[in-house]
Amino acid sequence: MSPSAFQADAVPQAPEDPLFGLMAAYRRDEDPKKVDLGIGAYRDNNAKPWVLPVVKKADDRLRADPNLNHEYLPIAGLAEFTAASQKLILGADSPAIKEKRVTSLQTVSGTGAVHLGALFLSKFYRTNSQRMVYFSNPTWPNHFQIFSNVHLDYLTYPYFNTKTRGLDFEGMMNTIRNAQEGSIIVLHACAHNPTGVDPTQEQWKEICTVMQEKKLFPFFDCAYQGFASGDLARDAWAVRYFIEQGFELCIAQSYAKNFGLYGERAGCFHFVTSAASDAESTISRVASQLAILQRSEISNPPAYGARIASLILNDKELFAEWEENLRTMSGRIIDMRKALRSKLEEMGTPGTWNHITDQIGMFSFTGLSEAQVLKLRSDSHVYMTKNGRISMAGLNTNNVEYFAKAVDKAVREA
């Protein structure tokens, strides 16, 4: 037999994905007190996955529909889902929707939306200088892979201040001010992953002003609308403000977290153009090219999760119940933040811990060093990423005290 054409020099062994490797290590651990703070998925107070009650209702209604079938969706996806998704992220009274300046495609969750947007920009976005994408430092690690796969170069802008454990606003602004005209700036709409640190509305306004002056292109990644604060409008404020200021931009929207539809892969990509006289023509052309890209990638998006989300988004009573479910999830996480900070301060754990409650959303950047993280794993069977990021959803009334004591021990000894 002839040797493979794919020898090690051509196809080197890739490293294991750090997060999935962490999950595998947690599953192998047989200690009854083990704590999983790595996975970015909501867990209830018993550390179990939570199917939203409103999702159960929609699921029952969907399965009882005698007309339900498993036919292909259109290339752009379920029309009532994408229309409702526009209203959710942009606002029902958005002038961009009324003026038909938006085109939307259903995607394979937020990851697929980011990829579709990156692919479109790679193929069609033209600037007078080298095209450059800027990510926050740190950011969701998959951003780097997705954009590099479509041959877009990237740099980072400062974001997390390790001393204050808050936003490095000055560093962020300096980098954005010095970015070349036309650069793409990837922004987390709310509940920044992995830090949990968001700009204030006044800071968003300053970011917007500088980006207008420098003619930069915003790409919003929105994975946590409603999940962060429990308020859908508040969590979408930055996106809506940028559109009000006349920006042309992209939005990647995920329904994994806020509907708990992690495995159903329901998401949406939106392209919004400015209110120029040829806006409708621009959107028509952009939509046509996005459809071609979608066709060559997945042909048709998955239907089931989108149908569940669509039922809820388009039914007044179900929507109100969903908002209550969102407040339940966000509220429990806020309670865990307060409990963790309180217990660390009660024990006099070295350092300051106000950042635990200052941050928002699923994740918290604890400020723990890699050595302390590894000590937590070896001594206390607590699993988190090496950079000290924890999923607040992994904490509950049954383990928060255990975790706080483990942190106290690690901080004092490492």
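**View 1. Helix H16 passes helix H17 in a right-handed crossing.** In a right-handed crossing the near helix is turned clockwise from the far one by less than a right angle. This is a predicted model, in which local features need pLDDT of at least 70 and side-chain atom pairs count only at pLDDT 80 or more, while totals for chains, interfaces and linings use all residues. Residues are numbered from 1 along each chain as its sequence is written, and side-chain values use heavy atoms, leaving out hydrogens and water. Look for H16 at residues 370-380 and H17 at residues 400-413, with axes 9 Å apart and an angle of about 125°. Helices here are DSSP runs of H or I with at least four residues, and strands are E runs of at least two. Axes are lines fitted to C-alpha atoms over the stretch in contact, and angles run from 0 to 180 degrees between N-to-C directions.

**View 2. Residues of H16 meet residues of H17.** On H16, find Gln372, Lys375, Leu376, Asp379 and Ser380; among their partners on H17 are Tyr402, Ala406 and Lys409. Contact means heavy atoms within 4.5 Å.

**View 3. Helix H5 passes helix H12 in a right-handed crossing.** H5 (residues 109-124) and H12 (residues 279-297) pack at about 120°, and their axes are 10 Å apart. Where do they meet? His115, Leu116, Leu119, Phe120, Lys123 and Phe124 in H5 meet H12 residues including Val286, Leu290 and Glu297.
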